[in-house]
Structure formats: structure tokens, C-alpha cells
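I opened this entry to keep a record of what I looked up, point by point. The sequence and the structure come first.

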Amino acid sequence: MIFNSYEFVLLFLPIFTLGFNIIRHIGKKNGNGRMLVDLWIVLGSLCFFSLFGMQNLAILFISICFNVCTAIPMSFMRERSVRMKLFGREILTQNIWLFIGITGNLVLLLFFKLSGFFLPIAISFYTFNQISYIVDLCRGDIESFKGIDYLAYVLYFPKLLQGPLMGYQSFEKELDKTLDKSFDFEIALRGLLLFSIGLFKKVIMADTFGKAVDYGYQNLTGLGSIEAVLVALFYSFQLYFDFSGYCDMASGISMLLGIELPVNFDSPYKAVDIVDFWKRWHITLTGFFTKYVYIPLGGNRKGEAVTYANFMIVFLLSGFWHGTGWNFILWGAMHGILYVITRACIKHGTGVKVPKAIKVFATFLYVTAAWVFFRAPDIQTALLLFAQMFTGGIRKLGSGFTSVFRLDEFWFVLKVTPLMKYDFVWDVCLFAFAIAGVIMIFFCKNALGRIKEYKVGLGTTLLTAFLFMWCVLSLGGVSTYIYMNF
């Protein structure tokens, strides 16, 4: 079950939200609210995840059991500072359990990524969450292992599929805070509006651009130059609205429960350079790699050359995490090389002043070019798309390419206008989508930040209802999220 499905929107979400608020109210009166809320989260999230199939549920169960069997003895050994001799050295036993835990998690993740058997839904995200948990438990950042709290943290469904990668301590604080609150109608309506905006980004924007991209990659040799450029551009838009939409929906759902998730997406195509981009795109994943890979490698403490080498390792790992093909490694390398160059320029200064708009545009073009290798099944296909941009010729957009923008709601509007008698009518829809995408990406404020400024009133309520109904009526072609494949 995914957020953009009838069963989630019309059945699961209302039942879970209502039940959560009732249980929270009962728990506050009885003094056992935290346990009841944790239990409701665990049961609801298991029901949510079970609809992805028993195979996926079984792998999640195996992963959780392994980490529980690691966390319990680790917590016991850490509390008693148990030591043992290994290879002639005295070490803390908790560190051995930490090594076992990290190794086991990575082996399970790599097995499914490399074996080609099948890739379990969300395995990277719940694996990373559990790695962060056992590391923080070993370090003493988490006081002790508590089973039901741990399960609620790992399984909490709004962040289970694609993040954000939220630390255990932060999640605990949010759950404790929500127990001190009563249901707030204004915050709930804001959450519903944010969810509706995210649903619109996914169902109307991302999925429509995605159909054009799919058509382009299925007909590469027949693309004209303009179409080839649009395929690359539209994939950037598809990724943006797909992930941004998910983040908005996850935050909106959590607002209905009185929980605040960390910001995970902050208008990344407004970035002035690649360093700025990675402060805005999948923010919590960047934080995870920084805390658990970059810093343990030495961070910036071992000189400039080692620092830049550490950056490259992180980006190459990021590429490998997204996929095992050479195209993903090249994507990671492209980002890593520019990141190192940019950091060096920032540190040593270039003396060249460039207008902000040019820097934003140049960064977007580079990121878009890198996305081509990310989307293409292999490097050869990516290079073929680039070749079509220069050799495809300037010609009229093909009807197959523009037809994906023939949304029924547009057809009902356009059929009463004189435009319907012209052949270019669907080209107008295509460019209307492109312009809307540009406006939303480059000129609109981040939805999560803007929601906090909205005043609940008639206008807000009507906008929520309009977006929600439009998206629900368009759910016939339900699609999964791109990041669920990682």
C-alpha cells in the first residue's frame, strides 16, 4: 500500500489517524499513553507494510529480529562495561556486538542488492535506521533498549518507505511531545493541505512527467533534439515532484498525529552550487552518510587531501547504494568530483563573482545531466540520449510524446475552446506542464515552510478539498515512488 492509492487515502489513513488520537486521549487519562501509542503505531504500520506482500514483510521481520538480538546483549554489556581480550588486546564487548550488528545489516542489504533475487521494499531505509540505532546505543546516546519503543521507531509508516532517516532520540521526543497535546483542528487541516499538495505533486505532476520520460527512453532513436532535451529535463522534474511529493505527504500525515518529521527536502533546484544542492536534497540521507561514514573515515581532521578523498568515498558509496550498475557509480562520481572542486574553490577562493541566477541555472543543468545516467539502464543508453540532443534534428514534437499530457480534465476544458481544431493543442498542454513545473520548482516557497504560514479559513479549506478531490479522481493509474526501489 502506498500513499497515492485508494485504500490508503480513503480507508487506512482515516482509520489510523482516528485511532491514534482516540488512543492518545485514553492513554493520557490512564497514564500509559506512550505504550498504547507505540503499540498502535506498530500494529498499524505492520498492516500498512503487509500489503506489499509476505516476502517483503518476512525480510523486514528478519532484519528486526537480527537487530533486536544484537541490541539486547549490546545494551547489557554497555551498562556493565564488560571487557574481554581479543588478539591480545582488551576491548569493550559492546564494540564486538556493534561490529556484528553493522556487518549483519550490511550483508543482508548487499545480498539483496547484488544477488538479483529481488529487492525488498524500503530495505535501505529501515536498514539505515537500525544501523543508526545500534551505533547510538553502543555510544550511549540511547540510554537502554526498550522493545516496543524500538519497534515503533523502526516501523513508523510515514518514514518507513523513503525516510526521512530520523534519529531515535528525535523520534522519541516527538512521541513524548504529542502525548502532551490534544487534537488541534488547525494543525490537522494544515497537515491535510500539505498531504494534498504532496499528492498533487506525485499524482498529477510526477506521474505525468514520468510517462513522457518512459516514452522517450522506449523510443530513443526516434527522438528529435528538442524531445531528447525534454526527456532529460522532464526526468529532473519527475524526480523532484516524486520525492518532494512523498516528503510532503509524510510530513502531512505526521502533522495529523501531532508529530513533526525533520525537513528532508528543501527546494534543491534553487541551489547555487553542488554543495548547496546536497544540503537541500534528501537532507537526512546526507546527514546519515556524514555521521556514520564521512566522520568515522576521519572527516576533515586528517588534512585536505584525505578530506577530499573522504568526500569521493561518500559519493561513490551513495552511487552504489542507488544501484550496482556503472551508470550509478558514474552518477556518484560526477557529483563527487564537482563537490570536491566546489569545496576547494570555496576554501581557497576563486575571485570570480557570478550572478546567483546563473549559478542556480548552471547547477541545475549539471544535476540534470547527471540524472540522465541515474535514469538510463546503462551508460550506453545515457550517451545515446545525449547524442540525440545534437543529432536528432529540430522537428515537430511527436504525437506519441505529447499524448501523455492529454489528461481528461484538460480535454473537457479544451474541447469548448477554438484550440481543439489545431494540431498543436496537446503541445500547449505539454508546455503548460513544463511552465508550471518551472514555477513550482524555482519560484515557489518550500511547501512545508509555507504551510506553517497558512491561516485556516475558507480559502485554505477549499484549496485542500480541490487538490484532494482532483488527485483522488486521478488515482486510477497508481504508481510507486522512485526511491522505493533503493
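My notes on the cavity, the surface patch, the salt bridges and the backbone follow.

**Ground rules**

I worked from a predicted model, where local features need pLDDT of at least 70, side-chain atom pairs count only at pLDDT 80 or more, and totals for chains, interfaces and linings use all residues. Residues are numbered from 1 along each chain as its sequence is written, and side-chain values use heavy atoms, with hydrogens and water left out.

**Cavity**

A cavity here is a set of points, on a 1 Å grid over the protein atoms alone, where a 1.4 Å probe fits but cannot get out; lining residues have an atom within 4 Å of a point. The largest cavity holds about 80 Å³, a volume being the space filled by probe spheres set on the points, which are joined across faces, edges and corners.

I then listed the lining: Pro164, Cys247, Asp248, Ala250, Ser251, Leu261, Pro262, Val263, Asn264, Phe265, Asn446 and Leu448. Helix H10 (residues 225-256) gives the largest share of this lining, 4 residues. Helices are DSSP runs (H or I, at least four residues), numbered from the N terminus. By type, I noted 8 nonpolar, 3 polar and 1 charged residue in the lining. In this sorting Ala, Val, Leu, Ile, Met, Phe, Trp, Tyr, Cys and Pro are nonpolar, Asp, Glu, Lys and Arg are charged, and the others, Gly among them, are polar.

Pro164, one of the lining residues, sits in the loop between helix H7 (157-160) and helix H8 (168-179). I checked the peptide bond from Gly163 to Pro164 and found it cis, with omega near 10°.

**Nonpolar patch**

On the surface I noted a nonpolar patch of Phe431, Ile435, Val438, Ile439 and Phe443, with about 480 Å² of accessible area together. Patch members have over 30% relative accessible area and no salt bridge, and nonpolar side chains (Val, Leu, Ile, Met, Phe, Trp, Tyr) are joined within 5 Å. The areas come from the Shrake-Rupley method with a 1.4 Å probe, and for residues only the protein chains shown count as cover.

Val438 lies in helix H19 (residues 425-443). Val438 is partly exposed at 31% relative accessible area (buried is under 20%, exposed over 50%, partly exposed in between; 1.4 Å probe, protein chains only).

I also took distances from Ile274, a residue of helix H11 that is buried at 2% relative accessibility. From Ile274 to Phe373 I noted 99 residues in sequence and 17 Å in space, C-alpha to C-alpha. Phe373 belongs to helix H15 (residues 356-375) and is buried, with 7% relative accessible area.

**Salt bridges**

Side chains of opposite charge can pair when their charged atoms come close. With a salt bridge taken as a side-chain nitrogen of Lys or Arg within 4 Å of a carboxyl oxygen of Asp or Glu, I got a count of 14.

I looked up the pair Lys291 and Asp136, whose closest N and O atoms are 3.5 Å apart. This pair links distant parts of the chain, with Lys291 in helix H12 (residues 283-294) and Asp136 in helix H5 (residues 123-139), 155 residues apart. Lys291 is partly exposed at 33%, whereas Asp136 is buried at 2%.

Arg280 and Asp276 meet at 3.2 Å, N to O, and both are buried.

Glu304 and Lys347 form a salt bridge at 3.7 Å between the closest N and O atoms. Glu304 lies in helix H13 (residues 304-322) and Lys347 in helix H14 (residues 326-348), so the pair ties together parts 43 residues apart in sequence. Glu304 is partly exposed at 29% and Lys347 is exposed at 56%. I also noted one network, in which salt bridges that share partners join Arg34, Asp38, Asp149, Glu172 and Asp176.

**Backbone**

Most residues other than glycine have a negative phi, and most peptide bonds are trans. Ala122 has a positive phi, near 65°; it is in the loop between helix H4 (93-115) and H5 and is buried at 0% relative accessibility. Ser267 has a positive phi as well, near 45°. I placed Ser267 in the loop between H10 and helix H11 (274-277), buried at 3%.

Definitions and conventions: 1 Å grid on protein atoms, 1.4 Å probe; cavity = no way out; pocket = protein on both sides within 12 Å on 5 of 7 lines; lining within 4 Å. Helix = DSSP H or I, 4+ residues; strand = E, 2+ residues; numbered from the N terminus. Patch = residues over 30% accessible without salt bridge, like charges linked within 9 Å, V, L, I, M, F, W, Y side chains within 5 Å.
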